[in-house]
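Please look through the model shown here. A short report on selected features follows.

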Amino acid sequence: MKELETALKNEQNSRRNFFKKVSLSGIAVLVASKFSFGGKSFLPEGTSWDKTFSKLDESKLTGQSKQSPLPYAYNALEPVVDAKTMEIHYSKHHAAYTKNLNDATTGPEYASKTLFQIFTEMEKYPVAVKNNGGGFYNHLLFWTLLSSGAGQEPQGDLLKAINESFGSVDKFKEGFGNAGKKQFGSGWAWLSVNEKGKLVVSSTANQENPLMSTTEVRGIPVLTLDIWEHAYYLQYQNRRAEYVDAFWKIVNWKEVSRRYNEAILALK
Ligand code: MN3
């Protein structure tokens, strides 16, 4: 136990020093995505991602999964996201990931598995299960995090945690926005609660997400942004940065808060 504590301290110190050297104007959050602890060994003794994730609302999702109805109309997020994009995104792209996930998980080995269990052992599964499992879940999550009720901002414990991890809401938005803007090719930007209960920003390629064992920065996602071109191209064409900046107008902060509180409880 002493050894573990010392190792942990050394790791924290070297991380701190590293951040001191490279942390120019709040880009540390991005660096964190490249030099995360990741993995199971840093969870509190006797816990595992599997156990932690099993306490989350959506942990019961199986391979035989269905799309939830969109919680608003296709045109509800205009002018930030146009109705046609929402319609195609939900009824074609998300529908396809859902169907392909179900098609890829008909075997008996999937009968007793939940999607979150599969995520915790992602390396054991075919790439079709990873791509479509991520595609199914990431979109399911994403829809809940958008809202037509503009003008909200983070509050309460979530606000406190954002200030603690990033310095301010603006710094957080800058870090998260940059994660989205700088992700090469298709992917997602994330705000997650990591194994220490701290908020971290990262980005992933394709349909990977922080619940997956194959991901560098692991954690429980509380906010995400789809940065595939299909999410914005009709309206923004090549102007991804404009789309990312406009995203803040439609974030459902109440839902982010709810997910943050759920994640903190799950880690206990
Ligand atoms: Mn998408």
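A241 is found in helix α10, which spans residues 240–246. Helices here are DSSP runs of H or I with at least four residues, strands are runs of E with at least two, and both are numbered from the N terminus. A241 counts as partly exposed because its relative accessibility is 37%. The scale calls a residue buried under 20% relative accessible area, exposed over 50%, and partly exposed in between, using a 1.4 Å probe and protein chains only. C-alpha to C-alpha, A241 and G180 are 8.2 Å apart in space, and 61 residues apart in sequence.

This is a predicted model, in which local features need pLDDT of at least 70, side-chain atom pairs count only at pLDDT 80 or more, and totals for chains, interfaces and linings use all residues. Residues are numbered from 1 along each chain as its sequence is written, and side-chain values use heavy atoms, with hydrogens and water left out.

**Metal site**

Four residues supply the protein donors of the manganese ion: H89, H139, D226 and H230. They lie 1.9 to 2.2 Å from the ion. Because H89 lies in helix α4 (residues 83–104) and H230 in the loop between β3 and α9 (233–236), the pair ties together parts that are 141 residues apart in sequence. Along the chain, the donors follow the spacing H-x49-H-x86-D-x3-H. Donors are N, O and S atoms within 2.8 Å of the metal (3.2 Å for Na, K and Ca); water is not among the atoms, so sites may look incomplete. Both H89 and H230 are buried.

| Donor residue | Donor atom |
|---|---|
| H89 | NE2 |
| H139 | NE2 |
| D226 | OD |
| H230 | NE2 |

**Sheet**

An open sheet of 3 strands runs in the order β2-β1-β3, with antiparallel pairing. β2 (199–205) and β3 (220–226) stand at the edges with a single partner strand each, so one side of each has no neighbour in the sheet. Two strands pair if DSSP finds at least two bridges between them. β1 (residues 187–193) and β2 pair over 7 bridges. W190 has S202 in β2 as its bridge partner.

Helix α11 (residues 253–266) lies across β1, β2 and β3, at about 145° to β3. Contact means heavy atoms within 4.5 Å. Axes are lines fitted to C-alpha atoms, for helices over the stretch in contact, and angles run from 0 to 180 degrees between N-to-C directions.

**Helix α7**

In α7 (residues 156–166), L158, A161, I162 and F166 are buried. They share one side of the helix because they cover an arc of only 100° around the axis. That arc is taken from the directions from the helix axis to the C-beta atoms. On the other side, G156, K160 and E164 are exposed. Just after α7, G167 takes a positive phi of about 100°.
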